[in-house]
Amino acid sequence: MARALRLAGRGLFTTQPNPRVGCVIAQGERVVGEGFHLRAGEPHAEVHALRAAGEQARGATAYVTLEPCAHHGRTPPCADALVAAGVGRVVVAAEDPFPQVAGRGMAKLRDAGIVVESGLLRDAARELNLGFFSRIERGRPWLRVKLAMSLDGRTALSNGKSQWITGEAARDDVQRWRARSSAILTGSGTVLADDPRLTVRLRDGASFAPPTRVVLDRLLRTPAGHHVLDDAAPTVLIHDEGIDAPSHLQGHERVALATLAGRMDLRRVMAWLGSRGCNEVHVEAGPTLCGALLADGLVDEVVLYLAPMFLGDDARPLMHLPTLSDMSQRWDMRVTDQRMVGQDLRLVMRQA
């Protein structure tokens with residue numbers, strides 16, 4: 001199963017909106033076939049593994065990181081393929097919460113006389129697909145906020161200049177967080193101030209599905225000629241209802257959502273992203289949007305790069321957050337990973 005999970009990880013940048021799945025078929029201690037899902041619409045992990053195993057799949061054990069599908073989607077049911085191949089036992093890491101599967105895959109296997117076990121390395125399998133499980137179980141994607149700051153908690157000089165707080169290694173690391181995401185979310189303020197590209201640039205040439213750039217632009221202020229409007233990646237502009245699009249935005253995808261007290265309703269935005277099939281959403285935005293997401297309880301994970309420098313009292317803060325009157329109101333975080341990336345310290349944190 002550990003090998004199947006490593007195989008599943010090969011689809012980290014490509015399978016969305018599908019989950020990352022790996023499969024290993026073994027006769028006792030001998031592996032006879034293995035495979036992983038690469039991208040939506042192509043064969044699933046079980047099919048690749050069965051093809052590799054051939055006749056040796058008969059009577060073998062299949063180790064699968066996610067419950068085999070039992071429905072006809074873009075591809076036929078994997079449960080049927082395992083039954084037809086004559087496997088004797090299937091070990092599943094995590095049950096699939098998708099309503100059209102949700103236990104039906106394992107039931108179909110058992111009805112065919114196949115021994116089915118589940119739960120082996122379940123936590124690791126869910127971690128690999130935390131965005132998929134979030135979207136299906138909570139109706140919204142896993143939201144990850146990327147931040148970079150100086151030792152005194154500043155993100156840019158008072159004049160807005162921020163290139164570069166972090167070193168080259170950290171900037172390369174960010175590209176991999178982007179690549180695993182379904183969407184990259186930002187606000188119109190960041191677009192106006194920095195004109196970011198918000199695209200994936202991997203030095204190792206790894207394949208990836210370009211994340212959709214999502215700009216929260218309540219009044220449709222994004223100017224013509226800005227990078228988010230180029231054809232390097234798809235872009236969606238989310239705005240208030242009743243706003244007329246200027247001519248330079250009329251050829252771009254726009255979504256009107258009702259606002260809340262004069263600002264974007266971030267919960268409604270998250271629900272829309274979930275309905276769009278987004279599993280993991282990567283946020284690169286300014287202190288206002290990042291603070292609002294945290295204050296609204298929507299941030300699942302923070303990736304923070306701490307650079308060895310000081311920027312001074314007048315430099316810009318990490319987030320704008322409401323004033324607290326009691327320590328019990330604070331936002332506690334739990335560090336899940338810490339490591340040096342070049343000269344910068346990277347902390348990965350989740351809500352405590």
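**Cysteines, an annotated site and a helix pair**

The structure holds zero disulfides, taking a disulfide as a pair of cysteine sulfur atoms within 2.5 Å. Cys78 is in none, and the nearest cysteine sulfur, that of Cys69, sits 3.7 Å away. Cys278 is likewise in no disulfide, its nearest cysteine sulfur being that of Cys290 at 17 Å. This is a predicted model, in which local features need pLDDT of at least 70 and side-chain atom pairs count only at pLDDT 80 or more, while totals for chains, interfaces and linings use all residues. Residues are numbered from 1 along each chain as its sequence is written, and side-chain values use heavy atoms, with hydrogens and water left out.

As for burial, Cys78 counts as buried because its relative accessibility is 1%, and Cys278 counts as buried at 5%. Here buried means under 20% relative accessible area, exposed means over 50%, and partly exposed is in between (1.4 Å probe, protein chains only).

Cys78 also turns up in an annotation. The "binding site" entry in UniProt, which is unreviewed, covers His44, Cys69 and Cys78. These residues are spread over 35 residues of sequence yet cluster in space, with a largest C-alpha distance of 9.2 Å. UniProt positions are given in the numbering used here, feature names are shortened, and annotations may be inferred rather than shown by experiment.

His44 lies in the loop between strand 2 (30–36) and helix 2 (45–53); helices (H or I, at least four residues) and strands (E, at least two) are DSSP runs, numbered from the N terminus. Neighbours within four places in sequence aside, His44 is in contact with Asn18, His37, Cys69, Thr75 and Cys78, where contact means heavy atoms within 4.5 Å.

The axes of helix 3 and helix 4 (residues 104–111) come within 9 Å and cross at roughly 20°. Helix 3 is therefore roughly parallel to helix 4, given that angles under 35 degrees count as roughly parallel, over 145 as roughly antiparallel, 65 to 115 as roughly perpendicular and the rest as oblique. Axes are lines fitted to C-alpha atoms, for helices over the stretch in contact, and angles run from 0 to 180 degrees between N-to-C directions. Ala79, Asp80, Leu82 and Val83 in helix 3 meet Gly105, Lys108 and Leu109 in helix 4.
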